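Trainee: I would like a close look at a single part of this model, namely its aromatic side chains, and then at what can be said about its helices.

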Amino acid sequence: MRPIESLKISIRTIGSHKLRSTLTSLGVIIGIAAVITFMVLGGGFSQSVTGEFDELYSDAPTLLVQTEIPIPGGFGIMYGTSPIYTEHDINQIKEIPGVDFAAPWGIIPTHQTTHGDKKMTGTIQVQATTPEMFTYEKFIDGQPFEQKTNQAVINNQLFNYFGEIKVGDTISYTTEKGTTTLNITGIIEEDFMGVPPAIYVPIDPHYTITVDTPRGTNDLAYPFIWIGATSLEELPTVKDTVTQYLTTQSDANQLKGQDEKIVVQTLDDLITQIVEIIDQITIFVVGIAAIALVVGAIGIANIMIVSVVERTREIGIMKAVGAKNRDIIQLFLIESTILGIIGATVGVILGLAVGWLGTNLMNWPMVYPLDWITIAVVTGIAVGIASGLYPAWRAAKVDPIIALRTE
């Protein structure tokens with residue numbers, strides 16, 4: 001039997017059982033649609049985060065110093081907030097050739113934030129730093145604060161909580177020591193995902209967290225340092241030198257926990273790390289969604305076996321008029337492959353549609369995962385072939401005499 005004849009018979013058989021064929025392909029459709037949807041959403045989220053970073057800091061020769069801590073039994077990365085970077089460390093970093101500034105960055109534990117008659121408990125972070133921190137920040141309005149003042153810079157995320165807020169307004173935060181009122185001098189743009197609404201205040205006089213150092217002194221200490229190099233060309237050398245100092249001679253190296261690791265990262269390092277974490281999560285979710293493909297393969301195999309039983313007499317007639325075993329195998333394999341192709345095609349279209357809807361709702365860019373679309377189509381066809389092998393072999397083994405006796 002020529003393949004074109006087998007194809008026509010398979011299409012006619014599938015067409016005569018539309019509902020059953022649709023339900024048979026449903027498992028493959030759901031599995032592939034889920035995989036494509038998660039890849040579109042993962043790609044859109046990744047581009048949203050990295051695009052905003054690139055837009056704001058593409059030309060900024062900066063480094064972020066923080067402490068990486070292990071996640072027991074998990075994957076991904078977590079950063080500590082323990083204040084281990086002392087004033088002595090920061091002063092030593094400022095002396096390194098190629099360093100333009102080293103801005104300490106601490107967090108002030110707060111209970112409540114107030115603007116006008118609106119109050120917000122938790123959520124908003126009050127972060128202490130120096131004016132150099134804003135060297136590469138984009139100001140929507142105003143300017144950095146001055147040290148030894150009750151001035152503050154806020155980010156535009158605060159609009160979501162307090163509504164209209166502008167330079168010249170006052171804002172207050174409450175700690176265990178009481179309430180501090182600040183005059184807002186500037187508003188910076190921090191639209192990228194994951195950045196909380198924040199108030200930036202001067203180290204002096206607002207930050208008071210100290211630690212006993214290995215040198216026998218009691219110094220102010222911070223969980224992060226923001227470092228600026230004099231140029232992009234100097235950045236790799238500065239990174240290596242700062243890393244060498246912090247991991248060998250610094251107070252932080254002796255104050256950190258045994259399993260903690262001091263990391264000095266450029267913005268490119270941070271973006272790469274974010275993308276890797278997003279990719280890991282996406283692959284994990286896609287793996288779960290792929291289970292639906294296994295269910296789909298079992299569904300196709302089950303229906304094909306039922307089809308063999310139902311068409312036993314038809315198989316007997318075909319063999320009686322000269323059809324060979326390979327013709328029967330070819331017929332059933334083509335039928336299961338068509339079901340796989342239909343499932344893959346509809347699944348890809350459905351996955352792209354749901355992904356497009358999701359990215360529009362989240363205001364993320366639409367990403368077309370062409371490599372995963374190719375993999376999905378090939379997988380759908382492979383599922384169709386694999387699930388049709390046993391039923392086709394079983395059909396080929398049907399005895400024509402017994403088959404012709406079947407009613």
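Trainee: To how many aromatic pairs does the count come?

Mentor: This is a predicted model, in which local features need pLDDT of at least 70 and side-chain atom pairs count only at pLDDT 80 or more, whereas totals for chains, interfaces and linings use all residues. Residues are numbered from 1 along each chain as its sequence is written, and side-chain values use heavy atoms, with hydrogens and water left out.

The count comes to eight aromatic pairs, where rings of Phe, Tyr and Trp (its six-membered ring) pair if their centres lie within 6.5 Å, and planes under 30 degrees apart are stacked, over 60 edge-to-face and the rest tilted. One of these pairs joins Trp105 and Trp226, whose ring centres are 6.1 Å apart and whose planes stand at 90 degrees, making the pair edge-to-face. Trp105 belongs to strand E4 (residues 99-108) and Trp226 to strand E15 (residues 224-229), so their contact ties together parts that lie 121 residues apart in sequence; strands here are DSSP runs of E with at least two residues, and helices are runs of H or I with at least four, numbered from the N terminus. Both Trp105 and Trp226 are buried, that is, under 20% relative accessible area with a 1.4 Å probe and protein chains only. Elsewhere, Phe134, Phe139, Phe145 and Tyr200 come together in one aromatic cluster.

In the model, residues 21-45 are 100% helix and 0% strand, with their end C-alpha atoms 36 Å apart. The listed stretch 329-352 is likewise 100% helix and 0% strand, and its end C-alpha atoms are separated by 34 Å.

Helix H10, which runs over residues 312-320, has as its buried residues Thr312, Ile315, Gly316, Met318 and Lys319. They span an arc of only 160 degrees around the axis, which places them on the same side of H10, the arc being taken over the directions from the helix axis to the C-beta atoms. As background, an α-helix has 3.6 residues a turn, so residues three or four places apart point the same way. After H10 comes Gly322, and the phi of Gly322 is positive, near 115 degrees.

Terms used
Buried < 20%, exposed > 50% of the residue type's maximum accessible area, 1.4 Å probe, protein only.
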